Every structure is written in structure tokens, then in C-alpha cells.
Amino acid sequence: VAAERQRLETEAREKEAALQAHAVEAAEKEGRLAAMAAERERLEVAAAEKEAALQAQAAEAAEKEGVLAEMAADRVRLEAEAAEKEAALEKQAAEAEVKEGRLAMMAEEKTRLEAEAAAVSYTHL
């Protein structure tokens with residue numbers, strides 16, 4: 001009976017030791033799983049931060065593109081205004097040339113008429 005009892009006690013201690021080893025192994029696995037979960041969480045946070053930074057850069061780029069588009073539109077508008085002003089100046093210059101031509105013709109006519117008047121006056125003397 002004593003030998004049987006001792007065998008049972010030894011068997012119970014072995015089973016207890018095996019259970020403790022399994023418990024230690026399970027705790028180690030839980031620790032590794034917790035570390036993996038923490039690493040996963042850290043990576044997810046880092047990815048979210050990178051995504052936010054990329055979105056901020058995209059928004060900034062879109063804003064810059066908008067400013068550049070506005071500047072291009074202003075440039076086109078200013079070039080059109082300059083072309084209109086240049087055309088108006090060219091028209092005024094052409095009108096001035098026509099007026100100068102008329103004035104020259106009128107001056108020639110005046111000179112001719114004065115010469116005729118002088119000749120008529122001279123012949124009446």
C-alpha cells in the first residue's frame with residue numbers, strides 16, 4: 001500500500017509539474033501574443049500617421065495647383081487685356097496717320113489757294 005501510495009504521489013507530482021510547465025508555456029505564448037498585438041497596434045498607428053501625412057501633402061499639392069491655375073487664368077486675362085490695349089493703340093495710330101494725311105492735304109490746298117489769291121491780287125494791281 002505504501003509503495004502504491006508513493007507511486008500515486010509521484011505520478012501526481014509529475015502531472016502537477018507537467019501542468020505547471022504547460023501553464024508556463026501558455027503564459028509565454030500569451031506574452032508573445034500580447035507583444036505581437038502591441039507591435040501590430042504600433043504599426044497601425046504608424047500607418048495611420050503616414051496616411052494622414054500623405055493626405056495633408058495631397059491637400060497642399062491641390063491647393064498649390066489651384067493657386068497655379070488662378071495665376072495662369074490671371075496671366076491669360078492680362079495678356080488678353082494687353083492685346084486689346086495694343087489693338088486700340090494701333091487703331092488710334094492709324095486714325096492719327098489719316099488725320100495727318102488730311103491735314104497735309106488741307107495745308108497743301110491752303111497754300112495753293114493762297115498762291116492763287118496772291119496771283120489774282122497781283123494781276124489786279
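**Walking the chain**

Guide: Let's start with one residue. A83 is partly exposed, at 44% relative accessible area. Buried means under 20%, exposed over 50%, and partly exposed lies in between, with a 1.4 Å probe and protein chains only.

Visitor: Is this an experimental structure or a prediction, and what are the ground rules?

Guide: This is a predicted model: local features need pLDDT of at least 70, side-chain atom pairs count only at pLDDT 80 or more, and totals for chains, interfaces and linings use all residues. Residues are numbered from 1 along each chain as its sequence is written, and side-chain values use heavy atoms, with hydrogens and water left out.

Visitor: Where is A83 found?

Guide: A83 is found in helix α1. Helices are DSSP runs of H or I with at least four residues, strands are E runs of at least two, and numbering starts from the N terminus.

Visitor: What separates the C-alpha atoms of A3 and V120?

Guide: 172 Å, for residues 117 apart along the chain. A3 is in helix α1. With 59% relative accessibility, A3 counts as exposed.

Visitor: What box do the C-alpha atoms fill?

Guide: Roughly 180 × 10 × 10 Å, taken along the principal axes.

Visitor: How does the radius of gyration compare with a compact globule?

Guide: The chain has 53 Å, whereas a compact globule of 125 residues would be near 14 Å. The radius is taken over C-alpha atoms, and the globule rule is 2.2 Å times the number of residues to the power 0.38.

Visitor: What share of the residues is buried?

Guide: 0% of the 125 residues in the chain.

Visitor: Which residues form a nonpolar patch on the surface?

Guide: V67, L68 and M71, with about 290 Å² of accessible area together. L68 is exposed, at 54% relative accessible area. Patch residues have over 30% relative accessible area and no salt bridge; nonpolar side chains (Val, Leu, Ile, Met, Phe, Trp, Tyr) are joined within 5 Å, like charges within 9 Å.

Visitor: Switching to charges. How many positive and negative side chains?

Guide: 18 positive and 30 negative, and the centres of the two sets lie 6 Å apart. Lys and Arg count as positive, Asp and Glu as negative; His and the chain ends are not counted. A charge is placed at NZ of Lys, CZ of Arg, CG of Asp or CD of Glu.

Visitor: How many salt bridges turn up in the whole structure?

Guide: A search finds 14. Each is a side-chain nitrogen of Lys or Arg within 4 Å of a carboxyl oxygen of Asp or Glu.

Visitor: Give me one from the start of the numbering.

Guide: E4 and R7 meet through their side chains, at 2.4 Å, N to O. They are three residues apart in helix α1, so about one helical turn separates them. E4 is partly exposed at 38% relative accessibility, and R7 is partly exposed at 42%.

Visitor: What does E39 form a salt bridge with?

Guide: R42, with the closest N and O atoms 2.6 Å apart. Both lie in helix α1, three residues apart, about one turn. E39 is partly exposed at 34%, as is R42 at 45%.

Visitor: Which residues do salt bridges with shared partners join into one network?

Guide: E4, R7, E11 and K15.

Conventions: Accessible areas come from the Shrake-Rupley method with a 1.4 Å probe; for residues, only the protein chains shown count as cover.
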